[in-house]
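Hi,

Here is the structure I promised to pass on to you. Have a look at it first, and then read my notes below.

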Amino acid sequence: MQANIELQIDQLNLYGFSKKDVFYIGKAVEEELIKLIEQGGLSEKISTDTFLKSLEGKSFDFTPSSRPETIGKQIAKSIYDSISFKK
């Protein structure tokens, strides 16, 4: 049986990007998080009604020429690693 997971991100702070890029980064974060959770699930430490006031993901590098979709996927991976307690 597949679990029903609701993930709400109230705020994702992205500084130094154009408004257009922020939109595509956010969309890529959402799509990649869905994919990662569907494929890998979440830790049992994340239970019903788990609330995290804030979450700090691991850092990653990108170049100024990186596509917004690529940056979004990296952000999603960092978030996923934090909520699934994977290194």
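Leaving aside its neighbours within four places in sequence, which residues is Ile25 in contact with? They are Leu14, Phe17, Pro68, Ile71, Gly72 and Ile75, where contact means heavy atoms within 4.5 Å.

Before the rest, a word on the source. This is a predicted model, so local features need pLDDT of at least 70 and side-chain atom pairs count only at pLDDT 80 or more, while totals for chains, interfaces and linings use all residues. Residues are numbered from 1 along each chain as its sequence is written, and side-chain values use heavy atoms, with hydrogens and water left out.

**Overall picture**

The protein chain has two helices and zero strands; both kinds of element are DSSP runs numbered from the N terminus (helices H or I, at least four residues; strands E, at least two). Of its 87 residues, 24% count as buried. Buried means under 20% relative accessible area, exposed over 50%, and partly exposed in between (1.4 Å probe, protein chains only). Among contacts in the chain with a separation of 6 or more, 79% join residues 24 or more positions apart.

**The core**

Ile25 also belongs to the largest nonpolar core, which has twelve residues, including Leu14, Val29, Ile71 and Tyr80. Such a core is a set of buried Ala, Val, Leu, Ile, Met, Phe, Trp, Tyr and Cys residues joined through side-chain atoms within 4.5 Å. Helices α1 (19-40) and α2 (68-83) each supply at least two of the core residues, and α2 gives the most, with six. In soluble globular proteins, nonpolar side chains tend to be buried together.

**The aromatic rings**

Rings of Phe, Tyr and Trp (its six-membered ring) pair if their centres lie within 6.5 Å; planes under 30 degrees apart count as stacked, over 60 as edge-to-face and the rest as tilted. By this rule there are three aromatic pairs. One of them is Phe60 with Phe62, a tilted pair at 6.1 Å centre to centre and 45 degrees between the planes. Phe60 counts as partly exposed because its relative accessibility is 28%, and so does Phe62, at 39%. Together with Phe17, these two form one aromatic cluster.

**Two more residues to look at**

Leu12 sits in the segment before α1 and is partly exposed, with a relative accessible area of 36%. Glu30 lies in helix α1 and counts as exposed because its relative accessibility is 52%. Glu30 and Leu7 are 23 residues apart in sequence, and 9.7 Å apart in space, C-alpha to C-alpha.

Best wishes
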